[in-house]
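Colleague: Please take a close look at the aromatic rings for me. What do they pair with, and what surrounds them?

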Amino acid sequence: MSRLHGHIIRFSVIDCVLLLLLLMTGFGGAGATITLFALLSTLLIIPLGVVSIVLLHRKSTGGLNVGIANLSLTGSLFLIIGVLGLYSYAISTEGSILLPVALTLLGVSTLRRVATMRNEAYSAWYHSHAASANYSEGNSEMLSTCSGCDSILAIIPAKMTKEDVCPNCGCLLVSSD
């Protein structure tokens, strides 16, 4: 889970850097309305992104909610700017189509990280709980990592046996202790 957490933090940093680069380049010569919308939105989201990155890195109590809000707003902004850019390109066929396509894909990719952060297993790990109430019975699926190759696996603790092996490296998932 710590690798997944690090990935989410790095992804948030990359999103902030890309927003700053877009802010400095004027959003690829998009129309005045799109540029004004993107400018105002970016100026609001960048401080939220910085706060989110710091809180997630420190694993602060409210960091998970701020991180979810940051990735939701950032992903939505990328998606909206990308779709508006594609629409603008379709109408006037001026400028490059590459930037709107890339922003649309980045928006979708950023919004996919929100579902990961809302996962109960990730939330329980983030808040440093040994086991949440849902997992004390062991009947629900949770995320775990292989001790041999650090692959992220979905497991059901109640159904684990000492013969279960990692599908990637073949290491035993349950120790004999």
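Modeller: First, the term. Rings of Phe, Tyr and Trp (its six-membered ring) pair if their centres lie within 6.5 Å; planes under 30 degrees apart count as stacked, over 60 as edge-to-face and the rest as tilted. This is a predicted model, where local features need pLDDT of at least 70, side-chain atom pairs count only at pLDDT 80 or more, and totals for chains, interfaces and linings use all residues. Residues are numbered from 1 along each chain as its sequence is written, and side-chain values use heavy atoms, with hydrogens and water left out.

The structure holds two aromatic pairs. Tyr122 and Trp125 form one that is tilted, at 6.0 Å centre to centre and 35° between the planes. Both residues belong to helix α5 (residues 120–126); because they are three residues apart there, about one helical turn separates them. Helices (H or I, at least four residues) and strands (E, at least two) are DSSP runs, numbered from the N terminus. An α-helix has 3.6 residues a turn, so residues three or four places apart point the same way.

Cover is next. Buried means under 20% relative accessible area, exposed over 50%, and partly exposed in between (1.4 Å probe, protein chains only). Tyr122 is buried, at 0% relative accessibility. Trp125 is partly exposed, with a relative accessible area of 24%. Ring pairs also bring in Tyr126, making a cluster of Tyr122, Trp125 and Tyr126.

The charged end of Lys59 sits over the Trp125 ring, 4.2 Å from its centre. The test for this is NZ of Lys or CZ of Arg within 6 Å of the ring centre and within 35 degrees of the ring normal. Arg113 does likewise with Phe11: its charged end sits over that ring, 4.4 Å from the centre.

Arg113 is one of the buried residues of α4; among the others are Leu103, Leu106, Val114 and Met117.

Now the wider setting. The protein has five helices and two strands. Along the sequence they follow the pattern α-α-α-α-α-β-β. Of its 177 residues, 32% count as buried.
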